[in-house]
Amino acid sequence: MNNSYDPRVKRLTLKDANISLREGEHWNIFEVFRQDKRGARHVHVGALHAPDPVLALIFAKEQYGRRKDCFNLWVVCSADILAFNDEDSDVFANNREKNYRDASGFKVRDKIEEFRKKSGNIKK
Amino acid sequence: MKSTNHIKDLITKMADDELILGHRNSEWTGLGPILEEDIAFSSMAQDKIGHALALYEILHEQFDEKDPDHYAFLRNEKEYKCCHLVEFPIGEYDFSLMRHFLFDYAEMIRYETLANSSFEPFRLLSKKVKGELKYHTLHAEEWIKQLGNATDESHARMQQELNHCFPLAAGIFEPAKEFESQLMDEKIYPGEKKLYELWLDKIYSVVTQASLNLPDIGKVQPVFGGREGYHTEYLQLLLDEMSEVYKLDPGANW
Amino acid sequence: MYGGGYIFDEPDRRQRTEEYEHDIPEKLAEFEARIEGGEKIEPDDWMPSEYRRQLIRLIEQHANSEIIGALPEGTWITRAPGFRRKMVLIAKVQDEIGHGQLLYNAAETLGKSREAMINDLLSGKTKYSNVFNYPAETWADVTVIGFLIDAAAIINQVANSRGSYGPYCRALERICYEESFHLKQGHEAFVGLAAGTPMQRRMLQDALNRWWQPIMHFFGPPDTISAHTEKLMQWKVKMASNDDMRDHFLNDYVPKVWELGLTLPDPNLKKNGETGRWEYSDPDWDLFFKVIKGDGPCNKERLAVRSWAEEHGRWVRQALMSSKYRRHAPVA
Ligand SMILES: [Fe+2]
Ligand SMILES: [Fe+2]
Ligand SMILES: [Fe+2]
């Protein structure tokens with residue numbers, strides 16, 4: 001069947017497609033985090049298949065670091081990522097109300113002005 | 001005027017190795033054992049072709065040779081100085097990986113020593129490719145170690161390809177008959193014999209960690225001839241393929 | 001590259017579109033409201049089973065198109081003329097493999113493994129873009145693919161990147177960035193031939209003539225015969241109609257071919273000044289369906305080559321299959 005136009009294909013011994021892959025044959029899945037420059041934070045950029053973390057990192061270098069500035073990468077097995085279910089995101093629901101935890105929740109200037117008005121003659 | 005044939009010979013053989021192996025390895029693009037490795041191997045093939053180009057540019061700019069495209073794609077087979085190792089078709093991945101491992105360690109060592117060359121373009125190139133070669137050897141080393149230590153089948157395959165490739169890889173270090181001592185005297189590079197020893201040291205340690213055995217070095221017959229222009233039957237076919245389109249009209253802009 | 005506007009139906013499933021009715025009505029309302037509001041759907045979100053099925057089909061066929069599409073071009077790497085073309089072409093084909101990698105990941109978040117997707121590709125159960133069932137006979141074909149097929153694919157992919165499924169959109173964001181390089185390199189190589197020697201122009205014209213029909217097929221059959229996309233449009237799975245994308249393509253790229261003094265083999269091809277839409281002879285849709293079914297010039301070879309890669313890579317993969325195997329789909 002190999003009457004290909006393509007020299008590289010002509011060099012292969014081809015058969016009709018009949019292979020069936022087994023689950024797991026394409027290895028574990030790793031998440032990849034990329035650091036664009038030294039000092040920057042690592043950002044999640046995608047995933048890849050690899051047999052172990054070392055090859056995962058080696059693969060990540062080309063699949064996620066072959067363009068633009070890159071300083072370092074992290075890889076971590078997807079199965080090791082622990083996260084909330086999306087529907088549980090209401091555990092964060094009242095964050096914005098709890099402004100006593102936030103600089104924006106403190107308005108001391110008003111109080112000072114009021115105090116200064118009341119006491120009249122304090123020098124600046 | 002002082003002859004520069006010795007440097008030109010050295011650059012040509014280094015460049016031709018990179019050009020031919022870069023082409024061979026690029027044939028895996030789209031055919032690799034898994035997509036992630038396909039991408040990595042393809043990048044390294046690109047790097048090799050890039051190294052070849054950089055070397056042909058030195059020939060062109062410093063020694064008035066033809067421009068890189070012309071020089072790379074239009075010489076006669078006899079004028080190519082690549083070693084036999086790089087000429088063979090890609091075969092199976094065990095062969096291609098073993099060739100990659102043996103060649104890229106040799107390449108890394110060669111370029112490392114060129115950091116101290118008396119020939120400035122070599123020093124610059126050595127600096128420029130350092131990171132690329134580090135990645136290539138890291139990649140190669142990890143694969144060889146993992147496959148050497150994995151299953152009986154993968155171990156047997158790697159051992160068999162090591163035995164098969166080793167004499168061919170030793171052929172990388174074929175000394176340049178007329179030029180070797182001049183190149184060494186002028187401190188352009190340390191000479192093939194020295195490189196061979198450095199290379200053996202490096203690969204020995206990886207091979208051992210991969211639970212593989214180097215063949216008996218004393219008994220190995222290195223496959224020489226490439227540096228003198230004598231090649232395997234595969235080179236001419238590949239050269240025809242590489243230049244098939246370019247040759248239709250070398251004067252045209254492609 | 002190759003979004004391939006047309007999502008191929010599995011032959012026996014043409015009628016199975018209303019499955020989502022079996023899903024939970026309140027959840028469905030919430031889901032649809034979310035999409036309506038421009039939010040993305042994420043892997044762990046509730047989604048109608050029909051949405052999941054359609055997305056898997058869309059993304060996996062897109063992924064298949066990338067790795068099969070890498071074959072006709074990949075085979076020209078060794079023959080590409082000169083250093084610049086060679087290096088550009090390897091980088092480009094490498095990107096296409098990378099796109100396949102990213103897209104299979106996105107599909108895996110929906111619950112189908114990469115192995116299963118590759119099995120379905122090799123058995124012919126799932127398809128890939130029909131254009132790759134044609135051979136790249138000369139170097140000029142490579143420039144036509146790199147310019148016009150990538151251009152067509154970009155129109156499709158940019159549309160899809162505004163779709164509703166988060167992981168697919170994120171993959172497409174990166175893919176579209178790389179595609180802009182593909183388009184530029186393709187245009188450069190194409191113009192190189194067009195502005196070159198008479199022989200180069202002849203090569204190019206010849207390739208254009210051969211590729212025009214597959215290009216017209218690229219976005220799939222006309223809207224009149226490829227109905228049942230309303231729900232998919234509402235769910236932002238399908239983002240533009242076949243005819244709209246084709247028109248967009250013709251409008252952007254026919255002038256770029258004509259400005260080089262090249263011709264396209266369709267005497268009826270012109271822009272209607274009144275409607276603003278392009279008119280053309282109806283492509284041979286019977287041929288299109290015939291090629292999808294496996295009867296194109298290269299279907300067999302493409303699958304045989306992909307299967308060669310899987311088969312000859314198998315010992316490598318099996319050697320490193322870990323006893324600590326813990327598969328978990330990509331998290332996002
Ligand atoms: Fe290398
Ligand atoms: Fe792509
Ligand atoms: Fe592309």
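Which residues of α4(C) are buried? Keep that question in mind as you open the viewer; the tour starts there.

A word before you click: this is a predicted model, in which local features need pLDDT of at least 70, side-chain atom pairs count only at pLDDT 80 or more, and totals for chains, interfaces and linings use all residues. Residues are numbered from 1 along each chain as its sequence is written, chains are lettered from A and ligands numbered from 1 in the order in which they are written, and side-chain values use heavy atoms, with hydrogens and water left out.

**Stop 1: helix α4 of chain C**

Select residues 114-123 of chain C, which form helix α4. Helices (H or I, at least four residues) and strands (E, at least two) are DSSP runs, numbered from the N terminus. The buried residues here are Arg114(C), Glu115(C), Met117(C), Ile118(C), Asn119(C), Asp120(C), Leu121(C) and Leu122(C). Buried means under 20% relative accessible area, exposed means over 50%, and partly exposed is in between (1.4 Å probe, protein chains only). Because 8 of its 10 residues are buried, α4(C) is largely enclosed by the rest of the structure.

Now show the surroundings. The buried residues of α4(C) pack against β2 (43-50) of chain A, α2 (35-63) of chain B, and α2, α3 and α11 of chain C.

**Stop 2: the iron site**

Next, select ligand 3, an iron ion. Its donors are Glu96(C) (OE), Asp150(C) (OD), Glu179(C) (OE), Glu179(C) (OE) and His182(C) (ND1), at 2.1 to 2.7 Å. Donors are N, O and S atoms within 2.8 Å of the metal (3.2 Å for Na, K and Ca); water is not among the atoms, so sites may look incomplete. Along the sequence, the donor residues are spaced E-x53-D-x28-E-x2-H.

Glu96(C) bridges the iron ion (ligand 3) and the iron ion (ligand 2), which lie 3.5 Å apart.

Where do Glu179(C) and His182(C) lie? Both are in helix α6 of chain C, 3 residues apart, about one turn of the helix. An α-helix has 3.6 residues a turn, so residues three or four places apart point the same way. Glu179(C) counts as buried because its relative accessibility is 0%, and His182(C) counts as buried at 0% as well.

**Stop 3: where chain C meets chain B**

Colour these two chains separately. Here 41 residues of chain C are in contact (heavy atoms within 4.5 Å) with 50 residues of chain B. Together the chains bury about 3800 Å², 70% of it on carbon and sulfur atoms. Buried area is the accessible area (1.4 Å probe) that two parts lose on being put together, summed over both. Highlight Thr78(C), Phe83(C) and Trp315(C): they supply 22% of the area that chain C buries against chain B, more than any other three residues.

How many salt bridges are counted between chain C and chain B? There are 2, a salt bridge being a side-chain nitrogen of Lys or Arg within 4 Å of a carboxyl oxygen of Asp or Glu. To see a salt bridge, select Glu244(B) and Arg79(C), whose closest N and O atoms are 4.0 Å apart.

Several helices of chain C give two or more residues to this side, including α2 (49-74), α3 (82-108) and α6 (166-194). The largest share, 14 residues, comes from α3(C).

**Stop 4: Arg24 of chain B**

Arg24(B) is in helix α1 (residues 5-26) of chain B. Buried or exposed? Arg24(B) counts as buried, because its relative accessibility is 3%. Among the residues it touches are Arg11(A), Phe88(B) and Tyr234(B). A polar atom of the Arg24(B) side chain lies 2.9 Å from the backbone oxygen of Glu87(B).

**Stop 5: two loops with positive phi**

Most residues other than glycine have a negative phi, and most peptide bonds are trans. Go to Asp64(B), which has a positive phi of about 65° although it is not a glycine. Asp64(B) is in the loop between α2 and α3 (68-73) of chain B, and is exposed, with a relative accessible area of 72%.

Finish at Lys236(C), in the loop between α8 (230-234) and α9 (242-258) of chain C. Lys236(C) has a positive phi of about 55°, and is partly exposed, with a relative accessible area of 27%.

Notes: Polar contact = N/O pair within 3.5 Å; in protein donor to acceptor, adjacent residues only side chain to side chain.
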